[in-house]
Amino acid sequence: EVIQVVTSTDRTQEYIDKQLHLFDAYAIHTDLDPQAAKKMKNQIMWQARNSKNKQSFDKEEMKQLLLGKTMPSGIVSALPAILYRGKLARNMFIGCCGSLYVVPNRLPSLLAIH
């Protein structure tokens, strides 16, 4: 378990370092004011640290799970109403499609992956 925590911490730091390196190159390229760049880097570091701690998933694997036979049809049909706390189902695009055609249960779930 200790090794897993250390490895996870290393990956998080790698991610943060990559984001900061990318921003440094951008700051040089755009001749950003050093003070402004420093403030922005602090914000990027904070955001990268927080976003990296969120659970990430492999989009292709999730797509295969949704399209495959592993996930029961009851779950597939229940998902659209609860994705993003129902906001996706109430979205104008989905609503418009639903008024013209039958929207497949998997469509909102597949849209939510991206």
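Q: Is lysine 41 buried, exposed or partly exposed, and what is its relative accessibility?
A: Lysine 41 has 25% relative accessibility, so it counts as partly exposed. Buried means under 20% relative accessible area, exposed over 50%, and partly exposed in between (1.4 Å probe, protein chains only).

Q: What sort of model is this?
A: It is a predicted model, where local features need pLDDT of at least 70, side-chain atom pairs count only at pLDDT 80 or more, and totals for chains, interfaces and linings use all residues. Residues are numbered from 1 along each chain as its sequence is written, and side-chain values use heavy atoms, with hydrogens and water left out.

Q: Which side chain does lysine 41 meet in a salt bridge?
A: That of aspartate 24, at 3.0 Å, N to O. A salt bridge here is a side-chain nitrogen of Lys or Arg within 4 Å of a carboxyl oxygen of Asp or Glu.

Q: Which parts does the pair tie together?
A: Aspartate 24 is in helix H1 (residues 2-29) and lysine 41 in helix H2 (residues 34-52), so the pair links parts 17 residues apart in sequence. Helices are DSSP runs of H or I, at least four residues, numbered from the N terminus.

Q: New topic. How many aromatic pairs are there?
A: One. The rings of phenylalanine 23 and tyrosine 26 have centres 6.3 Å apart and planes at 40°, so the pair is tilted. Rings of Phe, Tyr and Trp (its six-membered ring) pair if their centres lie within 6.5 Å; planes under 30 degrees apart count as stacked, over 60 as edge-to-face and the rest as tilted.

Q: Where do phenylalanine 23 and tyrosine 26 lie?
A: Both are in helix H1, three residues apart, about one turn of the helix. Phenylalanine 23 is buried at 10% relative accessible area, whereas tyrosine 26 is partly exposed at 47%.

Notes. Helix = DSSP H or I, 4+ residues; strand = E, 2+ residues; numbered from the N terminus.
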